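Please open the model in your viewer and keep a selection tool ready.

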Amino acid sequence: MKFFIDTADLGEISEAASWGCLAGVTTNPSLYARTGGGLADFEDHMVKIATVCEGLPVSAESTAMTTQEMIADGRRLAALAPNVVVKLPIGSQSLAATHALAAEGVKVNMTLIFSAPQALLAARAGARFVSPFIGRIDDIGYDGIAGLEDIVRAVHNYDYGHEVEIIAASIRSPHHVTQAALMGADIATVPFGALKNCLSHPLTEQGLARFEADWAEVKNA
Ligand code: G3P
């Protein structure tokens with residue numbers, strides 16, 4: 001499973017990229033809002049992310065409401081950098097926009113996916129990435145991982161004539177990451193905090209402390 005980072009924060013993206021295991025970035029309007037940036041800075045900010053992560057897919061989300069506006073937005077976003085992927089929320093207008101953009105060679109990441117039928121429709125319309133959410137399903141008392149398992153099995157059952165990768169999104173914890181990998185998700189997009197939590201384990205910290213203490217004794221012997 002590949003790791004994407006789910007943030008628009010350039011500091012977080014740069015640090016995660018320096019670890020050498022980052023395969024892409026996903027952003028959304030809420031994540032961009034958290035950077036404090038305004039509308040006028042949005043596209044420049046996406047270019048900065050795409051530059052830091054040169055060659056890796058960077059999802060920039062359109063907030064357009066109609067097919068024609070999404071197509072126009074998608075063309076503009078895709079022209080910002082060769083690695084920009086256009087993110088669109090699932091719906092009838094965005095399926096039509098995805099179909100048109102994909103025909104032009106623009107990669108689309110279809111987001112806000114909560115069910116297998118939504119994922120299948122996105123893949124059929126031409127989406128290059130399909131992003132089912134886990135945490136938000138857990139939040140309302142259902143099983144986000146079980147939903148992801150259905151989606152992975154359903155989508156990977158078929159050939160769409162183009163590559164389709166499933167991005168497990170709305171990840172909140174290392175447990176979600178483990179489960180997404182076990183369910184066969186192609187990618188997990190993980191917020192920086194959860195990514196750092198994936199690095200730590202109490203026994204690792206304990207083991208390090210013991211090595212340090214024992215090595216101090218060796219040095220003092
Ligand atoms: O990329 C979108 C998705 O990951 C959002 O996650 O935590 O807002 O449910 P969250």
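Select the cysteines to begin with: across the whole structure, the search finds zero disulfides, a disulfide being a pair of cysteine sulfur atoms within 2.5 Å. Cys21 is in no disulfide, and the nearest cysteine sulfur, in Cys198, lies 9.9 Å away. The sulfur of Cys53 is 12 Å from its closest counterpart, that of Cys21, which is too far for a bond. Cys21 is partly exposed at 46% relative accessible area, whereas Cys53 is buried at 2%; buried means under 20%, exposed over 50% and partly exposed in between, with a 1.4 Å probe and protein chains only.

This is a predicted model, in which local features need pLDDT of at least 70 and side-chain atom pairs count only at pLDDT 80 or more, while totals for chains, interfaces and linings use all residues. Residues are numbered from 1 along each chain as its sequence is written, and side-chain values use heavy atoms, leaving out hydrogens and water.

Next, select helix α6, residues 116-125, where Ala116, Ala119, Ala122, Ala123 and Ala125 are buried; helices (H or I, at least four residues) and strands (E, at least two) are DSSP runs numbered from the N terminus. The cover over the buried residues of α6 includes α5 (92-103), β5 (108-113), β6 (129-132) and α8 (144-156).

Now select Ile5, Val25, Leu88, Leu148 and Ile171, which touch the most other members of the 58-residue largest nonpolar core, a set of buried Ala, Val, Leu, Ile, Met, Phe, Trp, Tyr and Cys residues joined through side-chain atoms within 4.5 Å. To this core α8 gives the most, six residues.

Terms used: Contact = heavy atoms within 4.5 Å.
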